[in-house]
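Please keep the display open while reading.

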Amino acid sequence: MPTVMMVRADSERDGELIALPEAKYGGSMTVAEAVEKRRSHRAFAEWALSVEQVAQLCWAAQGITAEREGLRASPSAGGMFPMIVFVVDREGVYEYLPHEHALRPMIEGDLRPQLQAASLDQPCVGNAPLCMAITADIDHLATKYGKRAERYCILEAGHIAQNVFLQATALDLGGVAVGAFEDDRVAEALKLPPNLKIFYLLPLGYPAG
Ligand SMILES: Cc1cc2nc3c(=O)[nH]c(=O)nc-3n(C[C@H](O)[C@H](O)[C@H](O)COP(=O)(O)O)c2cc1C
C-alpha cells in the first residue's frame, strides 16, 4: 500500500490548510444514471483516492455553489449550515472547510480501526480508503429552530450523504451509509469538540472487484 495519501502528496499547502482542486461540473453520467447505478458497497480496493476525487466528494457534500449568497451543494434549514464534514483516511483526520474549499488537518494517524471498532466492528468502516464523518452543531441550529433542530440535522445529513453517493457513483466509486455506531466512541476517536454530534459515517472507495 502507498505510504503517502494523495490528499497530501498532490495538494498545495496554504499555511495549515490543504487546498483542494476546484470541483468539476462536467461528466458522462447523468443524474438519473447515477441514481439507478448507486448501490451500497462494503468491500473496497486498497487504492487511495486521488485529491481530485476527495475534492469532488467534499464539494458534493458541502461545497459552495452560490458564492454571493454563501449557499451550498446540500440544502440547509434556514441557510444556517450546522453540518461539519470530516474526512478520515489512513494518514489522519481532516475537516472540510467549504468557504476555503480546503482540508484542515485535525489528527495525524490512522483512526479507521478505531472507527471500525466504534461501528459494531463493521469491516467496511476500517477497510475503506476514505471515510466521511457527517457531524452537526445542533445547538447552533437550535438558536433558530429550538427543539426541531436535531430533526433538521438528521435530514441535512441525509441530503449530504445522498449527494456524496451520487457523486461517488458518477466517479465510478462506491460507498455505504453507516448509521450503526456508538456515538460516544466515534466522537472520542475523532476527538470531536463537545458541540458536534456524529450522524453518519460514509466509507468510500473503489468497489472491490
Ligand atoms: C440510515 C441508514 C443506516 C444504515 N446503516 C448501515 C450500517 O450501519 N451498515 C451497513 O452495512 N449498511 C447500512 N446502511 C445501508 C443499507 O443497508 C442499504 O442502503 C440497504 O441495504 C439498501 O441497499 P442499497 O443502498 O444498495 O440500495 C444504512 C442505510 C441507511 C439509510
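**From a helix residue to the ligand**

Thr 169 is part of helix α7, which covers residues 149-170. The model is a predicted one. With a relative accessibility of 7%, Thr 169 counts as buried. A polar atom of the Thr 169 side chain lies 2.7 Å from the backbone oxygen of Phe 165. Apart from neighbours within four places in sequence, the contacts of Thr 169 are with Met 29, Ala 34, Lys 37 and Arg 38.

Arg 38 leads on to the ligand, as Arg 38 is among the residues that surround it. The others around the ligand include Arg 39, Ser 40, Arg 42, Val 176, Val 178, Gly 179 and Tyr 200. Which atoms lie 2.6 Å apart at Gln 122? They are a polar atom of the Gln 122 side chain and a nitrogen atom of the ligand. The backbone also takes part: an N or O atom of the Ala 177 backbone lies 2.9 Å from a ligand nitrogen. For Ala 180, a backbone N or O atom is 3.1 Å from an oxygen atom of the ligand.

**Helix α8**

Helix α8 runs over residues 183-190, and its buried residues are Val 186, Ala 189 and Leu 190. Viewed down the helix axis, these buried residues of α8 fall within an arc of 90°, so they line one face. An α-helix has 3.6 residues a turn, so residues three or four places apart point the same way. Asp 184 and Glu 188 are exposed on the other side of α8. The elements that cover the buried residues of α8 include β5, β6, β7, α4, β8 and β10. Just after the helix, Lys 191 has a positive phi of about 50°.

**Positive phi in two loops**

Most residues other than glycine have a negative phi. Phe 81 is not a glycine, yet its phi is positive at about 50°. Phe 81 sits in the loop between β4 (71-72) and β5 (83-89). Leu 120, also not a glycine, has a positive phi of about 55°.

**Aromatic rings**

A pair of aromatic rings is described by the distance of the centres and the angle of the planes. With ring centres within 6.5 Å as the cut-off, the model has three aromatic pairs. One of them joins Trp 47 and Tyr 206, with 5.2 Å between the centres and 75° between the planes, an edge-to-face arrangement. The two residues are 159 residues apart and link distant parts of the chain: Trp 47 lies in the loop between α2 (31-37) and α3 (51-62), and Tyr 206 in the segment after β10 (197-205). Trp 47 is exposed, at 57% relative accessibility, while Tyr 206, at 23%, is partly exposed.

Tyr 145 and Tyr 152 also pair: their ring centres are 5.0 Å apart and their planes stand at 75°, so this pair is edge-to-face. Tyr 145 has a relative accessibility of 25% and therefore counts as partly exposed. A ring can also face a charged side chain. Lys 197 lies over the face of Phe 199, 5.9 Å from the ring centre.

Definitions and conventions
Residues are numbered from 1 along each chain as its sequence is written. This is a predicted model: local features need pLDDT of at least 70, side-chain atom pairs count only at pLDDT 80 or more; totals for chains, interfaces and linings use all residues. Side-chain values use heavy atoms; hydrogens and water are left out. Rings of Phe, Tyr and Trp (its six-membered ring) pair if their centres lie within 6.5 Å; planes under 30 degrees apart count as stacked, over 60 as edge-to-face and the rest as tilted. Helices (H or I, at least four residues) and strands (E, at least two) are DSSP runs, numbered from the N terminus. Buried means under 20% relative accessible area, exposed over 50%, partly exposed in between (1.4 Å probe, protein chains only). A charge sits over a ring if NZ of Lys or CZ of Arg is within 6 Å of the ring centre and within 35 degrees of the ring normal. The arc is that of the directions from the helix axis to the C-beta atoms. Contact means heavy atoms within 4.5 Å. A polar contact is a pair of N or O atoms within 3.5 Å; within protein, one must be able to donate a hydrogen and the other to accept it, and residues adjacent in sequence count only if both atoms are side-chain atoms. A residue is near a molecule or strand if one of its heavy atoms lies within 4 Å of it.
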